[in-house]
Amino acid sequence: MKRYSVFAVAREALRYHQGWGRAWRSPEPQKKYEAIIIGAGGHGLATAYYLGKNHGLKNVAILEKGWLGGGNTGRNTTIIRSNYLQDASAAIYEKARSLYETMSQDLNYNVMFSPRGVMMLAQTQHEIRGYKRTAHANALQGVSTEFITPERVKSLVPIINIDGPRYPVLGALWQPRGGTARHDAVAWGYARACSEMGMDVIQQCEVTGIRRQNGQVQGVETSKGLIECEKLGIVVAGHTGVLADMAGFRMPIESVALQALVSEPIKPCMDVVVMANTVHGYMSQSDKGEMVIGGGADGFNNYTQRGSFHHVEETVRALIETFPIISRLKMLRWWGGIVDMTGDRSPILSTTPVKNIFINCGWGTGGFKAIPGSGWAMAELMATGHSSLTEEFGLNRFKEGKFIDESVAAGVAH
Ligand code: FAD
Ligand code: PYC
């Protein structure tokens with residue numbers, strides 16, 4: 001295994017971040033790629049990585065209009081869990097969670113995976129029923145979760161107020177091997193591994209058109225010129241509708257802002273992730289000591305990449321109710337990302353009406369946790385035309401009414 005000094009890793013990360021060095025390659029003139037992936041977020045990069053690693057497809061370019069992980073991948077609150085209800089979801093999210101366990105070793109890049117446990121509070125009778133049902137489903141799926149009592153909640157999170165004024169804590173869905181990871185590192189680790197396989201990771205390269213002939217993809221028009229390819233993967237989250245329009249088809253996706261904020265750093269006070277979906281807020285503590293806080297999605301479609309005032313106020317109010325000790329914390333940063341929402345709150349990993357164009361989107365408010373599983377499955381679909389992990393997530397489910405309802409597991413108000 002190659003070893004890198006701390007300085008080499010930091011220099012490499014900075015280069016990627018600033019768009020220098022290997023990540024700043026321009027497409028080679030006349031070169032035709034076996035596959036192009038649009039979008040250097042976690043899902044696009046993981047797709048490219050597993051195309052190379054699992055299927056030997058290395059003549060690949062990943063095109064990014066901004067910088068590595070600058071979309072939702074670098075804006076999310078890093079919660080990783082696999083406590084979904086439906087079998088198809090549990091399969092892909094648990095595949096992803098298990099790949100997170102060994103990601104740092106696989107990529108030789110420390111993604112700081114921290115399986116500290118994720119707790120989803122039940123604060124209404126409806127939530128108790130929903131989460132107990134999920135715990136039973138997870139037991140059948142081989143996903144390790146349990147429904148725990150309010151007393152157990154308090155023993156795991158001493159700073160929580162279980163007798164909240166509006167919604168007391170009635171129990172929780174607990175996944176002890178859920179947790180967090182460093183989001184930028186996931187993007188950087190995959191990008192470096194792709195680059196080492198000889199792939200071209202091209203930042204500041206916006207796709208502006210998709211060339212097709214006889215119903216088949218030929219290449220993409222970009223801000224750096226035309227680039228030809230045999231296969232194309234569109235992996236652009238909130239911009240899915242824009243790219244699909246370039247390819248001549250429509251997607252059942254809505255784009256909305258989801259926001260988060262972090263506090264000033266404080267001493268360690270909470271070593272699990274807590275989500276409180278009824279009051280609309282969730283919180284964890286970063287390794288630096290900041291409290292990482294997120295709220296619900298905006299109720300209107302937009303591309304603004306920032307949060308709205310009424311939501312941040314609602315979120316902070318909800319969390320002060322749940323964790324009174326944070327009431328005098330100062331907030332340091334506040335931002336938003338544009339998430340890609342489907343009607344059933346499940347992703348789309350699919351072929352499309354255009355031959356050799358594949359699409360991976362619809363991860364909405366919850367796709368960080370899915371990155372390795374999604375990349376693994378999408379690569380298999382692109383390389384072989386079939387993946388058991390993507391079978392039920394095809395576009396045809398919207399025509400056939402075979403929805404995969406994950407509105408409870410999605411975890412964030414929307
Ligand atoms: P992105 O990371 O958005 O990558 C898509 C890339 O495509 C972008 O970099 C973009 O610049 C690029 N692109 C777009 N158009 C073009 C073009 N024309 N040409 C070239 N490139 C283009 N998920 C969890 O599992 N846990 C969480 O705790 C969590 N918290 C969240 C909190 C917030 C505030 C937000 C916004 C999201 C959260 N999510 C969470 C969701 C998660 O971040 C996303 O589902 C996931 O990051 C999507 O990854 P992606 O690779 O599909 O998209
Ligand atoms: O999917 O677990 C999740 C999540 C938490 C916050 C945003 N998404």
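This briefing looks at the ligand site and the aromatic contacts of the structure above. The model is predicted, so local features need pLDDT of at least 70 and side-chain atom pairs pLDDT 80 or more, while totals for chains, interfaces and linings use all residues. Residues are numbered from 1 along each chain as written, chains are lettered from A and ligands numbered from 1 in the order written, and side-chain values use heavy atoms, without hydrogens and water.

**Around ligand 1**
- The ligand is surrounded by 37 residues, the closest being Glu64, Asn72, Thr73, Thr77 and Lys369; a residue is near if one of its heavy atoms lies within 4 Å.
- By class, this shell holds 15 nonpolar, 17 polar and five charged residues.

**Backbone contacts to ligand 1**
- Polar contacts are pairs of N or O atoms within 3.5 Å.
- An oxygen atom of ligand 1 lies 2.8 Å from a backbone N or O atom of Asn72, and a polar backbone atom of Thr78 is 3.3 Å from a ligand oxygen.
- For Thr365, a backbone N or O atom is 3.1 Å from a nitrogen atom of ligand 1.
- Taken alone, ligand 1 exposes 1,000 Å², and the protein buries 96% of that (Shrake-Rupley method, 1.4 Å probe).

**Aromatic residues**
- There are ten aromatic pairs, counted when ring centres of Phe, Tyr or Trp (its six-membered ring) lie within 6.5 Å.
- Tyr84 and Tyr93 are stacked because their ring centres are 3.8 Å apart and their planes at 10°, with planes under 30 degrees apart counting as stacked.
- One aromatic cluster is formed by Tyr49, Tyr50, Tyr190 and Trp376.

Conventions:
Polar contact = N/O pair within 3.5 Å; in protein donor to acceptor, adjacent residues only side chain to side chain. Nonpolar A, V, L, I, M, F, W, Y, C, P; charged D, E, K, R; others polar. Phe/Tyr/Trp six-rings, centres within 6.5 Å; stacked < 30°, edge-to-face > 60°.
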